[in-house]
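Please walk through the fold of this protein chain, with cut-offs given for the terms used. Where do its residues sit, and which of them come together?

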Amino acid sequence: MEENKQKQTTKIYIKNMVCQRCVMAVSSILSDMHLNAMSVELGEAVIEGHLTAGQRAALAGRLSAVGFELLDDRRQQTISRIKNAIIKLVHYRDNNTQLNLSSFLSSELLADYSSLSKLFSEVEGKTIERCYMEQRVERVKELIKYDEMTLTQIALQMNYSSVAYLSSQFKAVTGMTPTQFKRAGRNTRRPLDKI
């Protein structure tokens, strides 16, 4: 929790907020608790004023009841912010940016990429690049399931250099090719907060 004395706001970090429905759910909880949310985004909210210990405990309970977690630990807050930035890049910006991942994360989190990378690897047991690759593959799975684009169009939209490169990353993560995934017909998608 960060407090800004000048504006009298409290920033809270919330784990497992990975979609716009999550933002709406958290906004609703804050409103129900009569907490004035100045902003609610993936993984964080800014509340007007100061949270009392009682309000904080009640909020943690309400969030937990719907699958979210109020984060107190700075390291966990940073990990959550990294994951949410990757989700935002991959799932909500159509990944059609030429910005590289390290520059994107450094600018989003206002931190040195090497320190973010080291922390992420220590806590998560995998690299930021692996997390990014897994999120991209989940998005590709989603686009394949929609069956509205060819694999070439998906590769172009997801900013892969070629269909072959997309296929090799897809197979490295899932153990099957995109074509095998499509033919299998079963839903093997993973929730974004579990990646």
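T10 is found in strand β2, where strands (E, at least two residues) and helices (H or I, at least four) are DSSP runs numbered from the N terminus. T10 counts as buried because its relative accessibility is 0%; buried means under 20% relative accessible area, exposed over 50%, and partly exposed in between, with a 1.4 Å probe and protein chains only. The C-alpha atom of T10 is separated by 19 Å from that of C22, twelve residues along the chain. Y13 lies in strand β2 too, which covers residues 9-15, and Y13 counts as buried at 2% relative accessibility. From Y13 to S162 the sequence separation is 149 residues, and the C-alpha to C-alpha distance is 37 Å.

This is a predicted model, in which local features need pLDDT of at least 70 and side-chain atom pairs count only at pLDDT 80 or more, while totals for chains, interfaces and linings use all residues. Residues are numbered from 1 along each chain as its sequence is written, and side-chain values use heavy atoms, with hydrogens and water left out.

The protein chain as a whole comes next. Its secondary structure comes to nine helices and five strands. Read from the N terminus, the order of the elements is β-β-α-β-β-α-β-α-α-α-α-α-α-α. Along the principal axes, the C-alpha atoms fill a box of roughly 55 × 35 × 25 Å. Of the 195 residues in the protein chain, 43% are buried.

What lies in the interior? In soluble globular proteins, nonpolar side chains tend to be buried together. A nonpolar core is here a set of buried Ala, Val, Leu, Ile, Met, Phe, Trp, Tyr and Cys residues joined through side-chain atoms within 4.5 Å. The largest such core has 31 residues, of which I82, I86, L105, I128, V140 and F170 touch the most other members. At least two residues of this core come from each of α3 (74-92), α4 (101-109), α5 (113-124), α6, α7 and α8 (163-174). Helix α6 gives the most to this core, with eight residues. Not counting residues up to four places away in sequence, I86 touches L101, L105, I128, C131, Y132 and Q135. A second, separate core of 24 residues includes L51, L59, L70 and I195.

M133 is found in helix α6 and counts as buried at 14% relative accessibility. M133 and D73 are 60 residues apart in sequence, and their C-alpha atoms are 26 Å apart in space.

H34, in the loop between α1 (20-32) and β3 (37-41), has a phi near 60 degrees, a positive value in a residue other than glycine. H34 is exposed, with a relative accessible area of 73%. D147 is found in the loop between α6 (128-146) and α7 (151-157), and its phi is positive at about 55 degrees although D147 is not a glycine. D147 is partly exposed, with a relative accessible area of 49%.

The cysteines remain. How many disulfides are there? The count comes to zero, a disulfide being a pair of cysteine sulfur atoms within 2.5 Å. The sulfur of C19 has its closest cysteine sulfur in C22, 3.2 Å away, so the pair is too far apart for a bond. Both residues are buried: C19 has a relative accessible area of 16%, and C22 is at 10% relative accessibility.

How values were computed
Contact means heavy atoms within 4.5 Å.
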